[in-house]
Amino acid sequence: MGTRHPPPGTFRGVMALSYSSHGRLIAMMTAGNERNRYLPEVLEHLALWVDGIVAVDDGSVDGTGDFLARFPKVLDVVRNPQPVLPVNESVLRAMLWSAAVKTQPEWIVAVDADEIFEDRVAIELPWLLRHADFEVIAFRIFDFWGTRNHYRVDGAWNPWPRFSPLVVRYQEAREYHFPALEIHCGRVPWECRRSAFTYYADVRVRHLGWANQADHLKKYLFYREKDIRMYGRPTDHTESILAPASSVRLEAWSDAPPLSFAPDVQTRGAMP
Amino acid sequence: MRVSIIMPNLLQPDGSGPVLGGIERYARQLISLMLAMGYEVDVHQFASYDWIRRVDQVEVYGYGMASWSQTAALEAMHHNTQSVLYLSIMQVPIRYKPRSVIVAHGVWWDGPQVPPSYVQRSLEQCRQALDEAGHLVSCDYNFLNVMRALYPAIADRITVIPNFVDLSDFSPPASREAGVRVLYPRRLDQCRGADVFVQVVRTLLSEGYRDLTFHMAVDQNHPERNRELADMVQDLGDVLTVSSYPFDAMPEVYRSSQIVVIPSLYSEGTSLACLEAMACGCAVVATDVGGLTNLIINGYNGILMPPRVPELSLAVKYLIDHPRDRELLGKRAAATARAFDVRAWERRWSEVLHAAYPIN
Amino acid sequence: MSRGRVAILTTNHFHPAGDRIIYGGAEKYGVELTRLLLSLGFEVSWWQIGDGWQKEILPGVLVRTLPAAEAPYHTFPQLNQAFHEKAVDQDYFIYFVTFLAYPQAMDRSIAISHGIYWDYPGFDATLNTDADRAEWRRRLWIALSGPRRVVSVDTATINWAAATFPDLLHRFDYIPNFVDVTAVEATEPVGKPAGHVRIIYPRRLATVRGINEMVRAAEILSARYPSAEFHFVGRGHQDETEKEMMAWVSRHPGTYYYWLPPEDMLRVLKSCDIAVIPSKAAEGTSLACLEAMAAGCAVVAGWVGGLGNLIIDGYNGLLIKPTVHELVRTLERLICDEELRATLGHNARATAKAFDLKVWQHRWRQVIDAVFV
């Protein structure tokens with residue numbers, strides 16, 4: 001049994017060694033009062049597979065800004081004295097993007113403060129980043145619902161038909177912009193969202209933002225207000241946040257078995 | 001446990017001697033295996049009058065009825081038998097006995113200018129065999145492919161057992177003589193491309209290839225065809241010789257040939273002659289017809305060409321002009337032929353026989 | 001000095017909406033064919049179904065779109081007509097899939113048959129009546145008899161045509177698919193734990209490609225052989241399939257499911273001992289099979305379509321009836337017999353050379369020289 005599933009600790013140790021040289025990969029994220037939610041574990045996981053992290057602290061009052069600044073791989077933290085997200089998401093996104101491109105990345109991954117990529121990203125992404133034939137890598141995002149083990153699949157929550165562009169190649173000579181939308185303007189620039197050269201990856205992203213039932217009402221109210229401002233009424237998707245348990249369909253998450261490809265897995269991977 | 005083999009002709013219709021052909025050789029090999037496995041075997045075939053012969057421990061029954069109705073003959077055969085193995089798909093109306101094994105030797109209706117009605121009838125015969133067989137054994141993957149393309153729902157019943165070669169009889173010579181002999185080792189049926197071979201010979205001669213010999217090792221099943229051939233090649237004199245050989249003389253015929261041409265035009269399974277030539281280390285030029293494509297990988301263990309004179313001539317010329325490649329292809333042919341060892345064929349057949357005709 | 005303008009008609013190289021690369025055998029074929037034509041001095045353009053966008057398949061080679069939808073009997077007469085209207089300034093034509101030459105084929109044209117695709121039981125259901133099937137065959141006959149030559153990637157199609165349409169006998173050229181042997185040999189394999197036998201299913205997960213049988217066989221064998229790894233590498237035909245596979249591998253130690261771009265997949269392939277291509281139908285001379293052969297894997301393939309053109313059972317691979325029973329039996333034999341694996345793999349590598357890209361290019365050149373004059 002033992003040779004195939006090394007405990008996470010060892011695998012993560014191996015992960016750090018498994019990628020060799022590829023273009024500089026910078027993670028960019030916005031964070032508003034995330035210090036006591038998932039931010040610490042998100043940053044720790046990111047540190048295993050990105051070269052650096054750039055963040056915008058969006059008016060946090062819980063020490064998120066300082067926490068970010070102190071984190072080893074964080075290269076830059078832009079601090080907004082007041083939150084910008086509730087006002088205009090595209091402004092926030094553009095701010096984050098300029099901060100990220102200042103670090104001269106070859107690739108940028110747009111990750112939220114409550115999202116963690118599957119472990120195998122550390123093995124597969126370095127390979128993908130060495131490619132010249134695509135500019136964007138898209139991933140399925142799974143919304144964990146009230147638990148860390150199950151994600152929601154009814155209606156528009158179904159992750160299986162959708163891939164979101166999260167990793168983009170940055171080319172200094174090109175122009176990038178975010179459409180002037182208050183909300184749902186997307187995490188990556190417009191130019192990256194309809195690229196013919198998008199690679200659809202098997203690596204999945206775990207979105208933990210809904211994993212705590214207690215957060216649901218607050219988030220519902222936030223989106224509801226946005227919807228009314230933009231469309232005049234809440235969307236069905238927003239309404240479904242408060243759907244009764246009987247209409248909520250969940251699936252159990254299953255971990256992908258770690259791939260035994262890392263060069264030195266023979267010495268480190270074999271275990272009782 | 002007695003299994004009766006039903007086939008058109010193991011012996012000549014008048015019972016006078018064996019028919020020399022691929023299906024008949026197949027029958028002999030299968031009978032020998034079945035006897036070794038402990039089955040009692042007899043053979044029922046079409047004939048010009050009623051006779052019984054004994055061949056290699058096996059009774060062969062000739063049904064004279066066949067001279068006026070093959071269907072009536074088959075009915076009589078059914079009446080006289082219990083467990084039956086059909087050595088080929090019948091081309092006359094018949095209801096196969098349930099749970100029987102039927103052997104398919106390849107597509108036979110793929111010739112040029114074949115009337116659509118003949119194609120239709122042949123397809124229907126195959127479909128019926130597929131439908132009614134307990135097991136259908138195909139000698140090549142090509143027949144299976146064609147059946148699957150036409151009858152995908154029932155093609156699953158086919159088991160492929162590619163043809164065989166006896167490596168203890170057919171093996172490469174220790175060394176080959178200098179000089180080049182190009183051999184045509186097939187029957188004189190039109191589908192086997194004898195005329196194509198002659199035209200290839202003429203093409204080569206007209207292009208100045210004279211330092212070599214051409215030989216045809218053919219059958220005598222239809223004497224008028226031998227006469228036609230003799231007339232056709234009369235003017236070539238000694239450059240092209242024609243002979244017939246008993247079966248056990250064939251290994252030497254292959255061993256003394258450097259290049260073997262299998263110019264089948266249609267109606268081809270996994271030709272025994274091709275396998276024998278390969279096993280003897282000859283450089284083979286074959287057409288991309290029927291099951292030949294399951295034996296030869298073009299440029300690896302032989303040359304595969306469309307069944308046309310210019311292309312076949314080109315291939316033979318190449319082999320004449322490139323002795324090293326010729327040797328390499330021949331060596332690899334011998335190596336790949338090992339995969340068709342008769343022992344492997346026997347193992348596969350014994351599985352099918354055990355399943356179809358369980359011996360207690 | 002340009003040798004002329006070649007227009008290639010296909011259904012889709014890019015996803016019809018123009019926003020996604022499709023990695024697949026047919027796409028690879030298209031890219032290599034384009035490269036070859038360019039190297040021979042032709043100008044090349046591609047035409048496919050789409051709504052007006054323009055992309056490049058290779059630098060300088062445009063993909064243009066034509067409005068069209070599929071018609072009954074699996075043909076695209078609308079696309080065919082639009083193509084002939086719009087591509088009037090072109091000199092030579094290639095119908096990338098045979099049925100696109102219906103109803104009309106230009107004079108100096110070549111069609112390509114990528115294998116029999118109508119040999120699975122479900123196909124019958126798409127043509128409900130005998131009349132429908134006859135019409136489909138009639139259209140296919142017209143499509144096959146129009147172009148000057150038809151390049152077939154396998155002999156199965158040629159033989160099927162001979163058995164079905166006796167008067168199409170001499171228009172086919174058998175040019176089997178290719179593998180870039182040099183590139184495969186130069187590829188560095190990924191690591192593998194000592195003593196493991198790595199088995200790969202290197203295709204899209206599709207019923208017709210035997211995924212269900214392979215999964216069941218892997219269930220049985222992974223439980224029996226802890227040192228065997230079963231890698232399923234390829235996208236599913238549907239999202240549902242991918243979901244189920246991800247869940248399945250998490251329940252069965254020793255099984256893995258993922259997908260990678262082709263070059264990275266090659267690195268994995270080179271580390272594998274056994275490659276399984278258990279196709280049940282709709283198979284030409286699979287590029288994946290050729291890659292696995294060139295990579296030195298012991299190949300187990302279904303006895304279908306063009307796979308019999310590549311594998312000689314017992315010499316450079318094993319050809320089997322693609323059932324669970326046969327898969328288990330055959331894989332077990334290979335798992336336990338290192339010497340057999342080595343022999344088959346060695347011979348596979350040797351035979352793969354006969355399908356090298358250069359050989360393919362040479363054969364194609366001959367057809368091009370004969371037709372594009």
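**Entry 1: chain C as a whole**

I noted at the start that this is a predicted model. I looked up the make-up of chain C and found 14 helices and 14 strands. Next I checked its radius of gyration, which is 21 Å. The globule rule gives 21 Å for 373 residues, so chain C is as compact as a globular protein of that length. I then took the box around its C-alpha atoms. Along the principal axes the box is roughly 60 × 50 × 40 Å. I also looked at burial: buried residues make up 51% of the 373 residues in chain C. Last came sequence separation. I took the contacts in chain C between residues at least 6 apart in sequence, and 69% of these join residues at least 24 apart.

**Entry 2: the two domains of chain C**

I looked up how chain C is divided. Domain 1 covers 4-178 + 357-371, and domain 2 covers 181-355. So much for the bounds; I turned to the spacing. The centres of the two domains, taken over C-alpha atoms, are 29 Å apart. I then listed who takes part in the contact between them: 17 residues come from domain 1 of chain C and 17 residues from domain 2 of chain C. On the domain 1 side, helix H1 (25-39) and helix H5 (155-164) of chain C are the elements that give two or more residues.

**Entry 3: where chain B meets chain C**

I moved on to the contact between chains B and C. Chain B puts in 33 residues and chain C puts in 31 residues. Which elements give two or more residues to the side of chain B that touches chain C? I found helix H4 (141-150) and strand E8 (158-160) of chain B. H4(B) gives the most to this side, with 7 residues. By class, the chain B side has 18 nonpolar, 11 polar and 4 charged residues.

**Entry 4: backbone details in loops**

C:Pro103 lies in the loop between strand E5 (92-95) and strand E6 (109-113) of chain C.

Phi of A:Gln104 is near 55°. I placed A:Gln104 in the loop between helix H4 (89-101) and strand E4 (107-110) of chain A. Phi of C:Ala282 is also near 55°. I found C:Ala282 in the loop between strand E12 (274-277) and helix H10 (287-294) of chain C.

Is A:Gln104 buried or exposed? I counted 10 C-beta neighbours inside 10 Å, so A:Gln104 counts as exposed. For C:Ala282 the count inside 10 Å is 22, so C:Ala282 counts as buried.

**Entry 5: the largest nonpolar core**

I ended with the largest nonpolar core, which has 295 residues. Which of its members touch the most other members? In chain B I listed B:Ile259, B:Val261, B:Met278, B:Val284 and B:Val285, and in chain C I listed C:Ile274 and C:Val299.

Terms used:
Residues are numbered from 1 along each chain as its sequence is written. Chains are lettered from A and ligands numbered from 1 in the order in which they are written. This is a predicted model: local features need pLDDT of at least 70, side-chain atom pairs count only at pLDDT 80 or more; totals for chains, interfaces and linings use all residues. Two residues are in contact if their C-beta atoms, placed from the backbone, lie within 7 Å. Helices (H or I, at least four residues) and strands (E, at least two) are DSSP runs, numbered from the N terminus. Ala, Val, Leu, Ile, Met, Phe, Trp, Tyr, Cys and Pro count as nonpolar, Asp, Glu, Lys and Arg as charged, and the others, Gly among them, as polar. A residue is buried if 20 or more other C-beta atoms lie within 10 Å of its own, exposed if 12 or fewer, and partly exposed in between; C-beta atoms are placed from the backbone. The radius of gyration is taken over C-alpha atoms; the globule rule is 2.2 Å times the number of residues to the power 0.38. Domain bounds come from an automatic or database domain assignment. A nonpolar core is a set of buried Ala, Val, Leu, Ile, Met, Phe, Trp, Tyr and Cys residues joined through C-beta atoms within 7 Å.
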